[in-house]
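Here's a walk through one protein chain.

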Amino acid sequence: MSPLRAWTVGGGSLRLAAAPRPTDTDDTTLIHVRYSGICGSDIPKLCPSWRGPVPSQWFPGHEIVGTVARTVDWVCVDPLLGCRSCPACADGHVHLCHGLRRVGWDLPGGLAEAVRVPSSSVVRLPALRDPAHGVLTDAMAVALHGVRCGLPIRPGRLGVIGTGAVAVCTAVCAVQAGWEVHIAARSAERRDQLHQALSDVPVTVHQRTLPPCEAVVDAASGQSDAPLRLAVACVRDGGTVVVQNAYSPQVVLSLPLRNLFRRSITVRGSYSYCRAYGRDDFRDALALLTHGGSWADLLTKDRYPLLDLPRALSDLRGTDSRRPLKALLTAGV
């Protein structure tokens, strides 16, 4: 049998290599990867121009859907592994654990033919319209966490900045929570794509602007501080800005702080997701995906064979008229 292959980053280069040799233990599970999402936060890290930190030998991919080797059950992977002994873990805030390990970062990820993960991370896939929708669970959990924990205020008008999976999922979650949702897209092409993606969700899509909002979620790409500046400009005095944006390390905020605090604006970071307050964002997000509509179909329609990761990355960095909202790699499908 040929050795299993996985994409890896090492020495500043991206290459397809032999996957890490799995160790068959009682507390791990071997998953044959069927679909793996390319997370927006990973796209810049997979490019030679990235100047931020990455593991010395990185096997990326934390949005994983596959089948268990022994049972052929369809599953997805919760990538967060806390230490289980610190105060943050005890409170369910696993995302704040200082000993946090993540599948696709600290542990081998799913841009591969197969991956062995801790058995505690394996979550059975419910009956979805399309198993590929399962790769959206991470983005939906980020969105759900932002709405639940980042917006502890009465629903009103919510602005969402961004056009990727997290932005779309945030709009879906917020509508279900009772918010009047408006999305700002950076171009006419992206605006039209979102109109199509959210045709069955009551949201309003704008180009480059938002009406005055009680709260704004920054879920854009993080190559400049322009999305956060737009969020502050569009939120009402006394309102809340929730930052879900995974900003690049070199980006700094260029806003005059006097204006920010004179207006009594609350700026909240909303990183990843948690298992606090008797809830589990990841598993709750997966349950939401059982109702996935045209937005889930459109977010998962751009699929590339595993070997075509470089082409997928090139398309994801292309112009908005041809750039996918999200890209999936497929293996063994």
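Is leucine 325 buried or exposed? At 10% relative accessibility, leucine 325 counts as buried, where buried means under 20% relative accessible area, exposed over 50%, and partly exposed in between (1.4 Å probe, protein chains only). Before going on, a word on where this comes from: this is a predicted model, in which local features need pLDDT of at least 70, side-chain atom pairs count only at pLDDT 80 or more, and totals for chains, interfaces and linings use all residues. Residues are numbered from 1 along each chain as its sequence is written, and side-chain values use heavy atoms, with hydrogens and water left out.

Back to leucine 325, then. You'll find leucine 325 in the loop between helix H9 (309-316) and strand E17 (328-330); helices (H or I, at least four residues) and strands (E, at least two) are DSSP runs, numbered from the N terminus. Setting aside neighbours within four places in sequence, leucine 325 has contacts (heavy atoms within 4.5 Å) that include Thr163, Gly164, Arg190, Leu298 and Asp302. Helix H9 also holds proline 310, which is partly exposed at 44% relative accessibility. Proline 310 and aspartate 42 are 268 residues apart along the chain, yet their C-alpha atoms are separated by 13 Å.

Now zoom out. The protein chain has nine helices and 17 strands. Its radius of gyration, taken over C-alpha atoms, is 19 Å, close to the 20 Å that the globule rule gives for 333 residues, so the chain is as compact as a globular protein of that length; the rule is 2.2 Å times the number of residues to the power 0.38. Along the principal axes, the C-alpha trace spans about 65 × 45 × 40 Å. Of the 333 residues, 55% count as buried. Among contacts between residues at least 6 apart in sequence, 74% join residues at least 24 apart.

Next, the sheet. Six strands make up an open sheet with parallel pairing, in the order E12-E11-E10-E13-E14-E15; two strands pair if DSSP finds at least two bridges between them. Strand E12 (203-207) and strand E15 (266-269) are at the edges, each pairing on one side only. From one strand to the next, the twist averages 20°. Strand E10 (residues 157-161) pairs with strand E13 (residues 213-218) in the parallel sense over four bridges, and valine 160 stands opposite valine 217 in E13. Helix H4 (residues 188-197) lies across strand E11 (180-185) and E12, running at about 170° to E12. For such angles, axes are lines fitted to C-alpha atoms, for helices over the stretch in contact, and values run from 0 to 180 degrees between N-to-C directions.

Finally, the rings. The structure holds three aromatic pairs: rings of Phe, Tyr and Trp (its six-membered ring) pair if their centres lie within 6.5 Å, with planes under 30 degrees apart counted as stacked, over 60 as edge-to-face and the rest as tilted. Tyrosine 35 and tryptophan 74 are stacked, 6.4 Å centre to centre with 25° between the planes. Tyrosine 35 sits in strand E3 (residues 28-37) and tryptophan 74 in strand E5 (residues 74-77), so the pair ties together parts that are 39 residues apart in sequence. Tyrosine 35 is buried at 6% relative accessibility, whereas tryptophan 74 is partly exposed at 33%. Tryptophan 58 and tryptophan 105 have ring centres 5.2 Å apart and planes at 65°, so that pair is edge-to-face. Both tryptophan 58 and tryptophan 105 are buried.
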